[in-house]
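Visitor: I'm new to this one. Could you show it to me and walk me through it?

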Amino acid sequence: LYFLLENLFSLNNSIEIFNNPIKEVNKIDFDKFGFNGLKLVQPLSRESKSKLITMIDQSSIAKKIAYFKYLEFLDHLEKNIFDSKRKMNDEIAKWFNTNSRLIKGNISVLELKTNEDKKRYTAWLHIEEVKNEYKTLI
């Protein structure tokens with residue numbers, strides 16, 4: 001009986017994930033931070049948003065930051081959600097279970113003038129790849 005109940009629960013959870021793919025993939029409630037209202041996210045279909053979130057989720061930290069920069073999520077967070085870059089970096093670090101220095105470094109290398117080590121912080125290498133992947137969603 002226990003085995004049957006366990007399998008039934010697992011099946012029910014799988015059906016829920018299938019019906020609402022964004023729910024399981026997106027462990028962080030990005031919409032709470034205005035993600036779905038972004039200029040490049042808003043026009044996407046539900047399926048494309050789900051694919052986008054999956055692509056971000058399955059990326060390295062550096063590529064996640066490149067996605068956030070391309071989608072203008074970093075600008076949105078800085079201007080509308082957090083009152084300092086440090087708080088923003090700390091929160092993003094929590095989302096991805098990493099340290100805020102890694103987040104700060106990867107954001108900094110995306111700026112034109114930076115003193116960050118571009119060999120250590122590689123978000124800048126992913127910008128073109130992110131643009132091309134985004135184009136597949138439109």
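Guide: Contact here means heavy atoms within 4.5 Å. This is a predicted model, where local features need pLDDT of at least 70, side-chain atom pairs count only at pLDDT 80 or more, and totals for chains, interfaces and linings use all residues. Residues are numbered from 1 along each chain as its sequence is written, and side-chain values use heavy atoms, leaving out hydrogens and water.

Visitor: Among contacts between residues at least 6 apart in sequence, what share joins residues at least 24 apart?
Guide: Start with the contacts in the chain between residues at least 6 apart in sequence. Those joining residues at least 24 apart make up 55%.

Visitor: How many helices are in the chain?
Guide: Helices are DSSP runs (H or I, at least four residues), and strands are E runs of at least two, numbered from the N terminus. The chain has zero strands, and its helices number eight.

Visitor: Is K63 buried or exposed?
Guide: K63 sits in helix α4, residues 61-70. Buried means under 20% relative accessible area, exposed over 50%, and partly exposed in between (1.4 Å probe, protein chains only). K63 has 10% relative accessibility, so K63 counts as buried.

Visitor: Which residues does K63 touch?
Guide: Leave out residues up to four places away in sequence. K63 then touches H126, E129, V130 and E133.

Visitor: How are α6 and α7 placed to each other?
Guide: Helix α6 (residues 85-95) and helix α7 (residues 100-108) pack at about 115 degrees, with axes 8 Å apart. Axes are lines fitted to C-alpha atoms, for helices over the stretch in contact, and angles run from 0 to 180 degrees between N-to-C directions. Angles under 35 degrees count as roughly parallel, over 145 as roughly antiparallel, 65 to 115 as roughly perpendicular and the rest as oblique. So α6 and α7 are roughly perpendicular.
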